[in-house]
Amino acid sequence: MSAHRPLAPAPPSSEITPQAGYLNRRAFLRAAGLTGAAAVLAACGVTPPADGAPGATPSPASQTDEIGDALTSYQAVTGYNNYYEFTQDKQGVAPMAKDFKTRPWTVEVSGLVNKPRTYDIDELLKRFPREERIYRLRCVEGWSMVIPWLGFPLNQLLKEVEPTGAAKYVHFVSLLDRDQMPGQHSPFFVWPYSEGLRLDEAMNDLTLVTSGLYGRDLLPQNGAPLRVVVPWKYGFKSAKAIVKIELAADQPHTLWSDAAPNEYGFYSNVNPTVPHPRWSQESERRIGEADRRPTLMFNGYGDQVASLYAGMDLRANY
């Protein structure tokens with residue numbers, strides 16, 4: 001397990017958009033009578049491309065997820081991003097990340113494993129063929145998207161390195177590069193970004209190692225060249241720009257839980273019955289829609305993951 005890191009001071013409230021901000025946007029839309037898709041995106045902080053060139057958006061195999069929710073537009077998915085390593089401005093991530101270098105890149109898989117290994121990114125992607133999976137992504141701030149990812153189950157990689165019997169957790173570590181990622185100069189967090197899962201969560205078939213979306217390789221603002229996607233948890237659990245995956249016996253420290261443990265627990269399962277200390281989690285606003293919708297327990301993936309938490313108090317283990 002990585003050494004204990006000191007707690008960072010909690011980030012100021014201004015760094016996280018409160019739910020009220022979204023409600024105000026919806027009220028504005030209704031008052032102004034703006035119902036077109038472009039107006040909705042603009043209210044969300046997403047500006048559609050001006051050219052509207054044919055073929056600008058790649059076509060995934062399906063246009064909905066398994067419960068019939070429509071895909072979020074490619075322009076929104078790639079233009080409205082939480083990525084504090086670059087900036088706290090969601091619209092500012094894409095332009096700031098456009099020159100981010102993703103080659104050469106290696107991913108170390110180590111810790112409590114029988115066969116530790118360091119993969120070149122292109123070797124890794126060749127070894128584990130990608131498949132398309134459409135997952136809902138729910139942000140802790142109250143917005144959501146439906147994204148067609150390209151990736152492979154994390155359990156394929158973990159089985160190859162053979163976790164030992166002592167391994168109980170998986171720790172993800174992102175790139176530390178303050179020259180390319182100016183947001184890492186922020187004093188409110190202990191960098192690099194890190195996240196973690198219990199081993200059984202990581203082995204669940206839903207947990208995806210992702211290198212693409214919408215039929216294309218990931219763009220830097222979406223976590224290129226490699227991220228993890230855990231669809232039943234809030235989006236910050238899906239670490240981006242991963243350089244290390246470490247198997248550990250003890251629960252690892254994670255960036256958000258260290259920064260504000262009363263607001264961001266280790267589990268961070270999507271749960272409408274457990275409010276964030278500063279806003280409710282009972283509803284969400286899908287990017288591209290004006291109205292809010294009820295939040296689903298485990299983001300709608302309960303059939304696949306609820307058994308992982310049998311007997312646990314999910315209010316205490318938030």
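How many salt bridges does the structure hold? The structure holds 21 of them, a salt bridge being a side-chain nitrogen of Lys or Arg within 4 Å of a carboxyl oxygen of Asp or Glu. The legends below visit some of these pairs and then turn to other parts of the protein.

This is a predicted model, in which local features need pLDDT of at least 70 and side-chain atom pairs count only at pLDDT 80 or more, while totals for chains, interfaces and linings use all residues. Residues are numbered from 1 along each chain as its sequence is written, and side-chain values use heavy atoms, with hydrogens and water left out.

**View 1. Confidence along the chain.**
The mean pLDDT (the predictor's confidence in each residue, from 0 to 100) is 87 for the protein, and 82% of the residues reach 70 or more. Over residues 1-55, the pLDDT is below 50, and this stretch has 99 contacts in the model beyond near neighbours in sequence. Here, contact means heavy atoms within 4.5 Å.

**View 2. Glu 66 meets Arg 136.**
The side chains of Glu 66 and Arg 136 form a salt bridge, 3.1 Å from N to O. Glu 66 sits in the loop between helix H2 (37-43) and helix H3 (74-79) and Arg 136 in strand E3 (residues 131-138), so this pair ties together parts that are 70 residues apart in sequence. Helices (H or I, at least four residues) and strands (E, at least two) are DSSP runs, numbered from the N terminus. Glu 66 counts as partly exposed, at 49% relative accessibility, whereas Arg 136 is buried at 3%. For these words, buried means under 20% relative accessible area, exposed over 50% and partly exposed in between, with a 1.4 Å probe and protein chains only.

**View 3. Arg 286 and its partners.**
Look for Arg 286 in strand E11 (residues 283-286). This residue is buried, with a relative accessible area of 4%. The side chain of Arg 286 makes a salt bridge with that of Glu 284 (3.6 Å, N to O), and Glu 284 is buried too. The Arg 286 side chain also has a polar contact with the side chain of Asp 69, at 3.4 Å. A polar contact is a pair of N or O atoms within 3.5 Å; within protein, one must be able to donate a hydrogen and the other to accept it, and residues adjacent in sequence count only if both atoms are side-chain atoms. Not counting residues up to four places away in sequence, Arg 286 touches several residues, including Thr 72, Arg 136 and Met 145.

Glu 289 and Arg 293 form a salt bridge whose closest N and O atoms are 2.8 Å apart. Glu 289 is partly exposed, with a relative accessible area of 29%, and Arg 293 is partly exposed at 22%. Through shared partners, salt bridges join Asp 69, Arg 138, Glu 284, Arg 286, Glu 289 and Arg 293 into one network.

**View 5**
Five of the five residues in strand E6 (residues 194-198) are buried. Ser 194, Gly 196 and Arg 198 lie on one side, with Glu 195 and Leu 197 on the other. Strand E5 (residues 169-174) runs antiparallel to E6, joined to it by five bridges; two strands pair if DSSP finds at least two bridges between them. Phe 172 stands opposite Glu 195 in E6. Among the contacts of Phe 172 are Leu 154, Tyr 193 and Ile 242.
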